[in-house]
Amino acid sequence: VPYLSAQANVALGDPARGSEERARERLSALGLAARSDHLPEQLSAGERQRVALARALAGEPDLLLADEPTGNLDALSAERVGQQLSAFHRAGGTVLLVTHDASLAEGADTLRHLESGRLLEIDGQGPSRPR
């Protein structure tokens, strides 16, 4: 929401509504504590991307769809995003992740590779197989 701070945007996603403290914690975990009072237009693309992730996680979904969640991020921020996605998964959530980031993909339970419109399974046991 363009006229709300990062913290207020994250709090909107919280099912408990109005949990400003939890919103601050989520932003802090993603390295955004100092930016929590900023409006979206005052944030970089990578910061907005992390605010969006914090808001999605605040909703406590069963499934999280993440399309290139580290695409606009530096290495430290990408690592923090990876940690949050892993924590979400360990807590019982499912992550469907699309990424070019090999280090982020390493933590996946199941990998698929899309090549020339064909979905290939990557199982570490030999060549990729068309699916």
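Arg50, Leu53 and Leu57 of helix α3 meet Ser77, Val81, Gln84, Leu85 and Phe88 of helix α4, where contact means heavy atoms within 4.5 Å. By class, this contact of α3 with α4 comprises five nonpolar, two polar and one charged residues (Ala, Val, Leu, Ile, Met, Phe, Trp, Tyr, Cys and Pro count as nonpolar, Asp, Glu, Lys and Arg as charged, and the others, Gly among them, as polar). The axes of α3 and α4 are 11 Å apart and form an angle of about 10°; axes are lines fitted to C-alpha atoms, for helices over the stretch in contact, and angles run from 0 to 180 degrees between N-to-C directions. The two helices α3 and α4 are therefore roughly parallel (angles under 35 degrees count as roughly parallel, over 145 as roughly antiparallel, 65 to 115 as roughly perpendicular and the rest as oblique).

The model is predicted, with pLDDT of at least 70 needed for local features and 80 or more for side-chain atom pairs, while totals for chains, interfaces and linings use all residues. Residues are numbered from 1 along each chain as its sequence is written, and side-chain values use heavy atoms, with hydrogens and water left out.

The protein has five helices and five strands, in the order α-α-α-β-α-β-α-β-β-β from the N terminus. Helices (H or I, at least four residues) and strands (E, at least two) are DSSP runs, numbered from the N terminus. Along the principal axes, the C-alpha atoms of the protein fill a box of roughly 50 × 30 × 25 Å.

Helix α3 (residues 45–58) also packs with helix α2 (residues 20–29), the axes coming within 9 Å and crossing at roughly 130°. This angle makes α2 oblique to α3. The crossing of α2 and α3 is right-handed, meaning that the near helix is turned clockwise from the far one by less than a right angle. On the α2 side, Arg22, Arg26 and Leu27 meet Val51, Ala54, Leu57 and Ala58 of α3. The contact of α2 with α3 has five nonpolar, no polar and two charged residues.

Strands β1 (residues 63–67) and β2 (residues 94–98) run parallel and are joined by five bridges; strands pair if DSSP finds at least two bridges between them. Ala66 has Leu97 of β2 as its bridge partner. The chain passes from β1 through α4 (residues 75–90) to β2 in a right-handed β-α-β crossover (with the strands pointing away from the viewer, the path from the first strand over the helix to the second runs clockwise).
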